[in-house]
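Hello,

Here is the structure I promised to pass on. My notes follow below it.

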Amino acid sequence: MENPEKIIWTNELTIGNPNIDNVHKELLEVYNDLIEYAKSGGKRAEFALILSKMTDYCLIHFKKEEEYMKKLSYPELTNHKNYHRDYIYKVAMFNIDLTGANPPDLNEIIEFLEKWWVYHILKVDLKYEHYKREIQSDVTY
């Protein structure tokens, strides 16, 4: 990813749950902060702080999302939790490596985040909202 671009929120990214959509919008705002910082040529340590902020926010969101799926008795909850765990591990390793002797390219991190979040929202999260509609649940996030 030579010249990363911000992710602009559109209706294509909505999963149909305003509360979750709002959280996703906020996460993408932090992602866009990373883009801006990378383009400005700032220090890796500052980039790592923004990435940590995103991770902290994700941990809160993932926990709440998993509780929501549990209330729905969502059959793919375990897989979804594993997906979250793998993301947190990968991003934590990026953060550790950023301050090491052989840091990853910032564009590599941004590319991972962009692909992960767009796929996660459009494919993975959308599935539990479809499930919620199928079972006609009134569980809220």
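Leaving aside neighbours within four places in sequence, which residues is cysteine 58 in contact with? They are Leu27, Tyr87, Ile88 and Trp117. Please keep in mind that this is a predicted model.

Cysteine 58 belongs to the largest nonpolar core, which has 40 residues. Cys58 is among the residues with the most contacts inside that core, together with Phe47, Leu51, Met54, Tyr87, Leu113 and Trp117. The elements giving two or more residues to this core are α1 (18-40), α2 (44-71), α3 (77-98) and α4.

Now the overall fold. The chain has four helices and zero strands. From the N terminus, the order is α-α-α-α. The radius of gyration is 16 Å, close to the 14 Å that the globule rule gives for 141 residues, so the chain is as compact as a globular protein of that length. The C-alpha trace spans about 50 × 30 × 20 Å along its principal axes. Of the 141 residues, 42% count as buried. Take the contacts between residues at least 6 apart in sequence: 75% of them join residues at least 24 apart.

Glutamate 129 sits in helix α4 (residues 106-135). Glutamate 129 is buried, yet has no salt bridge. Arginine 133 is the nearest side chain of opposite charge, 4.0 Å away. What does join the side chain of glutamate 129 to that of tyrosine 68? A polar contact of 2.4 Å. Not counting residues up to four places away in sequence, glutamate 129 touches Ile15, Asn17, Ile20 and Tyr68.

Best wishes

Notes
Residues are numbered from 1 along each chain as its sequence is written. This is a predicted model: local features need pLDDT of at least 70, side-chain atom pairs count only at pLDDT 80 or more; totals for chains, interfaces and linings use all residues. Side-chain values use heavy atoms; hydrogens and water are left out. Buried means under 20% relative accessible area, exposed over 50%, partly exposed in between (1.4 Å probe, protein chains only). Lys and Arg count as positive and Asp and Glu as negative; His and the chain ends are not counted. A polar contact is a pair of N or O atoms within 3.5 Å; within protein, one must be able to donate a hydrogen and the other to accept it, and residues adjacent in sequence count only if both atoms are side-chain atoms. Contact means heavy atoms within 4.5 Å. A nonpolar core is a set of buried Ala, Val, Leu, Ile, Met, Phe, Trp, Tyr and Cys residues joined through side-chain atoms within 4.5 Å. The radius of gyration is taken over C-alpha atoms; the globule rule is 2.2 Å times the number of residues to the power 0.38.
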